[in-house]
Amino acid sequence: MDLANTAMQAFQNGRIVDALTFIGVIIAIWLALRVANMTGENPDSNLVTKIVSSAFGLTVMAGTFQSFGFAANTWIIFARRLTEIGPENTADPVGAQGLIDYVGTIESTGMPTPLGITFCVIVTIMILSLIWVPRK
């Protein structure tokens, strides 16, 4: 098996892992929003309950942020491998170079894409506002 096929197989496996992680993230976010809503709606929720619910929601969002960063690295590592192999040594040199250009970097990151960051910020605000903003 040549290096380009090995790199492609690793990329495809990484995308499968990223997809399964995303499903888990969506379930965890749903649960965090549910907990936040129940905490905010319950008039008997005290300060400790609100703090624990907030901590749970923030932990879910920290994990989401981290998993989005891992997903970004799946693309970056593949682009790095294609760069090392040389796009001209792949079955589709134009497509390989296009992917390298699309990704835009071969340096690993700890950050998600700007869209992922925006998503995390919005959901975090939703969770915290459900807990802390008074209901009418």
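This is a predicted model: local features need pLDDT of at least 70, side-chain atom pairs count only at pLDDT 80 or more; totals for chains, interfaces and linings use all residues.

Reader: What pattern does the chain follow along the sequence?

Author: Read in order, the pattern is α-α-α-α. The chain has four helices and zero strands.

Reader: How does the radius of gyration of the chain stand against the globule rule?

Author: The globule rule gives 14 Å for 136 residues, and the chain has a radius of gyration of 20 Å, well over that value, so the chain is more spread out than a compact globule. The C-alpha trace spans about 65 × 25 × 20 Å along its principal axes.

Reader: Which share of the residues is buried?

Author: A residue counts as buried when its relative accessible area is under 20%. Of the 136 residues in this chain, 33% are buried. The chain exposes about 8,600 Å², with 69% of that supplied by carbon and sulfur atoms.

Reader: Among contacts between residues at least 6 apart in sequence, what percentage joins residues at least 24 apart?

Author: The figure for this chain is 80%.

Reader: How should I read aromatic pairs?

Author: A pair of aromatic rings is described by the distance of the centres and the angle of the planes. A search of the whole structure here finds five such pairs. One of them is formed by Phe11 and Trp75, with 5.0 Å centre to centre and 75° between the planes, an edge-to-face arrangement. This pair links distant parts of the chain, as Phe11 lies in helix 1 (residues 3-41) and Trp75 in helix 2 (residues 47-85), 64 residues apart.

Reader: Which residues do ring pairs link into a cluster?

Author: The cluster consists of Phe11, Trp75, Phe78 and Tyr102.

Reader: Where is Thr124 found, and which residues is Thr124 in contact with beyond its neighbours within four places in sequence?

Author: Thr124 is in helix 4 (residues 114-132). Its relative accessibility is 18%, so Thr124 counts as buried. With neighbours within four places in sequence left aside, Thr124 contacts Leu58 and Met61.

Reader: Last, how far apart are the mean positions of the positive and negative charges?

Author: The chain has 7 positive and 9 negative charges, and their mean positions are 19 Å apart.

Key
Residues are numbered from 1 along each chain as its sequence is written. Side-chain values use heavy atoms; hydrogens and water are left out. Helices (H or I, at least four residues) and strands (E, at least two) are DSSP runs, numbered from the N terminus. The radius of gyration is taken over C-alpha atoms; the globule rule is 2.2 Å times the number of residues to the power 0.38. Buried means under 20% relative accessible area, exposed over 50%, partly exposed in between (1.4 Å probe, protein chains only). Contact means heavy atoms within 4.5 Å. Accessible areas come from the Shrake-Rupley method with a 1.4 Å probe; for residues, only the protein chains shown count as cover. Lys and Arg count as positive and Asp and Glu as negative; His and the chain ends are not counted. The place of a charge is taken as NZ of Lys, CZ of Arg, CG of Asp or CD of Glu. Rings of Phe, Tyr and Trp (its six-membered ring) pair if their centres lie within 6.5 Å; planes under 30 degrees apart count as stacked, over 60 as edge-to-face and the rest as tilted.
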